[in-house]
Amino acid sequence: LKEYIDRLIAVLPKRQREIFLMSREENKSNMEIAEILCIKKKTVENLLNAALRQLRRSLNAILFF
């Protein structure tokens, strides 16, 4: 399952993947990510939510079949 999740993360759009990894692996807050990337906090939130939605959809597809 971990390998599958890693592959799903790898195919996320570059910015979504970057933000997701900063949030989950580096434990950075949305504000910290926004400051590092010079973007708005709301943009970070939107991209992180989009990444999580995509991961959930993909995981639901394999877990329920």
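Student: What percentage of the 65 residues in the protein is buried?

Tutor: This is a predicted model, in which local features need pLDDT of at least 70 and side-chain atom pairs count only at pLDDT 80 or more, while totals for chains, interfaces and linings use all residues. Residues are numbered from 1 along each chain as its sequence is written, and side-chain values use heavy atoms, with hydrogens and water left out. Buried means under 20% relative accessible area, exposed over 50%, and partly exposed in between (1.4 Å probe, protein chains only). Of the 65 residues in the protein, the buried share is 29%.

Student: Which pattern does the protein follow along the sequence?

Tutor: Helices (H or I, at least four residues) and strands (E, at least two) are DSSP runs, numbered from the N terminus. The protein has four helices and zero strands. Read along the sequence, the pattern is α-α-α-α.

Student: How are α1 and α4 oriented to each other?

Tutor: Axes are lines fitted to C-alpha atoms, for helices over the stretch in contact, and angles run from 0 to 180 degrees between N-to-C directions. Helix α1 (residues 2–10) packs against helix α4 (residues 41–63) at about 140 degrees, with the axes 10 Å apart. Angles under 35 degrees count as roughly parallel, over 145 as roughly antiparallel, 65 to 115 as roughly perpendicular and the rest as oblique. The relation of α1 to α4 is therefore oblique.

Student: How many nonpolar residues are in the contact of α1 with α4?

Tutor: Contact means heavy atoms within 4.5 Å. From α1, Tyr4, Ile5, Leu8 and Ile9 meet Leu55, Ser58, Leu59 and Ile62 of α4. Ala, Val, Leu, Ile, Met, Phe, Trp, Tyr, Cys and Pro count as nonpolar, Asp, Glu, Lys and Arg as charged, and the others, Gly among them, as polar. By class, this contact has no charged residues and one polar residue, and its nonpolar residues number seven.

Student: How is α3 oriented to α4?

Tutor: Helix α3 (residues 30–37) packs against α4 with the axes 8 Å apart, at an angle of about 110 degrees. That makes the orientation of α3 to α4 roughly perpendicular.
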